Amino acid sequence: MSVNLIVNIVLLIFTGFMAFRIFKMYGRNKLNQKMLNILDSFDNRDQFFHDADAFIEEHQGEEFSHKVCVLRLWGDAFYERDEEFRKHLGELNIDGLLNPDGKNKGYEVNEDSFFYLYLAIPNRMYYRNRDDLRSLMYEKMQAYDETNANALLKRICEENRHFYAHEGDRGKAYIQSLLEGEYGGFKYSRQLIGLYKHCEEAILAVILKDEGDQEGFEECMKNIDNFAHNTRLGKRWTKELGIEIQEETETDEEKKEPSAEAEEPTAESKEQDTDE
């Protein structure tokens, strides 16, 4: 076999592989956009659940159907559909998020879904005083403690449990270390780490206020000012923690630059890092 023939065969195989990769990426981006459209309708309760149910039915058993199942579960928690929450939590296929295509790379590409499972839903249940449903959420996730042992979201979730239960220092020391960048060895998305820190600094603000540290509280609130005032997630998160956010004047708003940071996490926020 001539060298030219071998080279042509290798190039043909490589071209086919790249074409397959591009085709898969296109399909994933298309599904991601459909999921984002569903999330965009979240404020319209009936439309949101209609679209979510339709997507799940159409893509039954596929990776993105599991992602939309998580969004629907979040909707159940938010809109207080507690019977549906119990049902959908029981049916949720987390393995489908963690092991798509049998490659065990799910957490890296589906960290946005785990944000809702580890942080957003428990915080909503705290706001609603539904410790029973929050406990069910923890029980569901406990089965994946070993699999997600080095996931930063799981570690944060563990400390938030102390906050919700008023145990020990309520996670204060851990949050302070997190804000200082001490999360070596844990997996996290570089695009989402800022969001995690904003959420946790809001919790720290509550802890400091409860301790009577008004100066510390105000410092935290300065740091998360844009998050609390100008993002949908930030407004909701601080409200759930019982933080009163004053409406800004038009002059104040004109001073601020609009920011895309700390909006609802999506599958596009997937670049991972692991500090050593």
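Contact means heavy atoms within 4.5 Å. By that criterion, asparagine 123 touches Tyr164, Trp237, Glu240 and Leu241, not counting residues up to four places away in sequence. This is a predicted model, in which local features need pLDDT of at least 70 and side-chain atom pairs count only at pLDDT 80 or more, while totals for chains, interfaces and linings use all residues. Residues are numbered from 1 along each chain as its sequence is written, and side-chain values use heavy atoms, with hydrogens and water left out.

**Overall picture**

- The secondary structure of the protein comes to 15 helices and two strands; these are DSSP runs numbered from the N terminus, with helices being H or I of at least four residues and strands being E of at least two.
- Of the 276 residues in the protein, 47% are buried; buried means under 20% relative accessible area, exposed over 50%, and partly exposed in between, with a 1.4 Å probe and protein chains only.
- Among the contacts in the protein with a separation of 6 or more, 71% come from residues 24 or more positions apart.

**Confidence**

- The average pLDDT of the protein is 85, and 78% of the residues score at least 70; pLDDT is the predictor's confidence in each residue, from 0 to 100.
- Over residues 7-24, pLDDT stays under 50, and the model has three contacts beyond four places in sequence for this stretch.
- Over residues 249-262, pLDDT also stays under 50, and here the model has 15 contacts beyond four places in sequence.

**Nonpolar core**

- The largest nonpolar core has 74 residues, and Phe114, Phe115 and Tyr196 have the most contacts inside it; such a core is a set of buried Ala, Val, Leu, Ile, Met, Phe, Trp, Tyr and Cys residues joined through side-chain atoms within 4.5 Å.
- Helix H11 (residues 193-210) gives the most to this core, with eleven residues.
- Tyrosine 196 touches Glu111, Phe115, Leu119, Leu152, Leu153 and Ile156, leaving aside residues up to four places away in sequence.

**Packing of H7 and H14**

- Helix H7 (residues 111-127) and helix H14 (residues 232-240) pack at an angle of about 45 degrees, and their axes are 8 Å apart; axes are lines fitted to C-alpha atoms, for helices over the stretch in contact, and angles run from 0 to 180 degrees between N-to-C directions.
- H7 and H14 are therefore oblique to each other; angles under 35 degrees count as roughly parallel, over 145 as roughly antiparallel, 65 to 115 as roughly perpendicular and the rest as oblique.
- On the H7 side, Phe115, Leu119, Ala120, Asn123, Arg124, Tyr126 and Tyr127 meet Leu233, Arg236, Trp237, Lys239 and Glu240 in H14.
- Asparagine 123 lies in helix H7 and counts as buried at 0% relative accessibility.
- Asparagine 123 and glutamate 240 are 117 residues apart in sequence, yet 6.9 Å apart in space, C-alpha to C-alpha.

**Individual residues**

- Serine 189 has its place in strand S1 (residues 187-189) and is buried, with a relative accessible area of 0%.
- Serine 189 and valine 109 are 80 residues apart in sequence and 9.2 Å apart in space, C-alpha to C-alpha.
- Most residues other than glycine have a negative phi.
- Glutamate 80, in the loop between helix H3 (63-78) and helix H4 (82-91), has a positive phi near 60 degrees.
- Histidine 166, in the loop between helix H9 (152-164) and helix H10 (172-179), has a positive phi near 55 degrees and is exposed, with a relative accessible area of 53%.
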